[in-house]
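Reader: I want to learn how to read salt bridges in a model. Can we work through a case together?

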Amino acid sequence: MEAVSAENVDILYESYTAVEGLNFRIEEGETLLLLGPNGAGKTTLLRTIAGFHRNYHGKLLVFGKTPEDARELISYVPQSHSLNGLVPLKAIEVVSMGAIYKKGFFHFRVPEEALSRAREALSFVGLDDVAERLFSELSGGQRQRVLLARALISNPKLLLLDEPLSALDPSARAEVAAVLGKIKREKSVTMIIATHDINPLMEIGNRVMLINRKLIAFGTPEEVLRDEVIKSVYGPLARAIKVESRLYCITGDVHLHLKGEQP
Ligand SMILES: Nc1ncnc2c1ncn2[C@@H]1O[C@H](COP(=O)(O)OP(=O)(O)O)[C@@H](O)[C@H]1O
Ligand SMILES: [Mg+2]
């Protein structure tokens, strides 16, 4: 089944067109890496698919419904810096909120059923041991994993992640990328992951979309990550290179890490 389809979609802020003329579709179970420089419209597109931003023209469907009507099927994890001030809650409570908000209630006491699902979700992301610790006191990688657990607890059909690896140090980045790989393997969820650094996610994505205020390229990683395509967005120094059948994308603001790779 088609998970997301866009036909001639323009996304606007008042009368300013932020993203223009999008056409693409992804099938259920696929993982789309949404790539583009700062200001390209990645967050705008994710928020539109999530049903939060409604000022768009064209036809946009999520599992055959408008984004608004598909809200129950979608979990959206915003870019983490917008959550750093999150209230003094324990990790387990943050995760439980993912179940409670979906039902449209807010409880000061988290129902036991939500807590037990939250424990399961924390265990899935490998964080059983931090359940009772304050969210604000966790490391960046742990916080991002808690947010993933929170997004998974409602069993979404579509998971939208905005720059899940940005603002993390390299080891935390690897830790979160590993959890994303586990989600990909073990959950039958369709994912769209916005990123400006595609390299740590290359194994996870089977589709890549490059945008820069409009669609530049969409297809398999091999189809999209070609020199002439990425140079058109990132300039003449950008390159796509292949090392041992693995693709890397050098876009100027991102450095190539080959540490740990066998020559
Ligand atoms: N709330 C807003 N009102 C007006 N313009 C916005 C708003 N949010 C983003 N924009 C503009 O839309 C464009 C795309 O932004 P964004 O989706 O945040 O890009 P990205 O996530 O790829 O960095 C930018 O030009 C940005 O300035
Ligand atoms: Mg963004």
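Predicted model: local features only at pLDDT ≥ 70, side-chain atom pairs only at ≥ 80, totals over all residues.

Reader: Which residue pairs with Glu-30 in a salt bridge?

Author: The general idea comes first. Side chains of opposite charge can pair when their charged atoms come close. Here the partner is Arg-207, with closest N and O atoms 3.5 Å apart. The pair links distant parts of the chain: Arg-207 sits in strand E8, Glu-30 in the loop between strands E2 and E3, 177 residues apart. Arg-207 is partly exposed, at 24% relative accessible area.

Reader: How many salt bridges does the structure hold?

Author: There are 14. One of them joins Glu-175 and Arg-145, at 2.7 Å from N to O. This pair also links distant parts of the chain. Glu-175 belongs to helix H5 and Arg-145 to helix H4, 30 residues apart.

Reader: Is Arg-145 buried or exposed?

Author: Read the relative accessible area. Arg-145 has 11%, so the residue is buried, the cut-off being under 20%. Glu-175, at 26%, counts as partly exposed.

Reader: What distance separates the closest N and O atoms of Arg-226 and Glu-228?

Author: They are 2.5 Å apart, in a salt bridge. Arg-226 is partly exposed, with a relative accessible area of 36%.

Reader: Which residues are linked in a network of salt bridges?

Author: Look for Glu-2, Glu-7 and Arg-25. Salt bridges link these residues in a network.

Key:
Residues numbered from 1 in each chain as written. Chains lettered and ligands numbered in written order. Heavy atoms only, no water. Salt bridge = Lys/Arg side-chain N within 4 Å of Asp/Glu carboxyl O. Helix = DSSP H or I, 4+ residues; strand = E, 2+ residues; numbered from the N terminus. Buried < 20%, exposed > 50% of the residue type's maximum accessible area, 1.4 Å probe, protein only.
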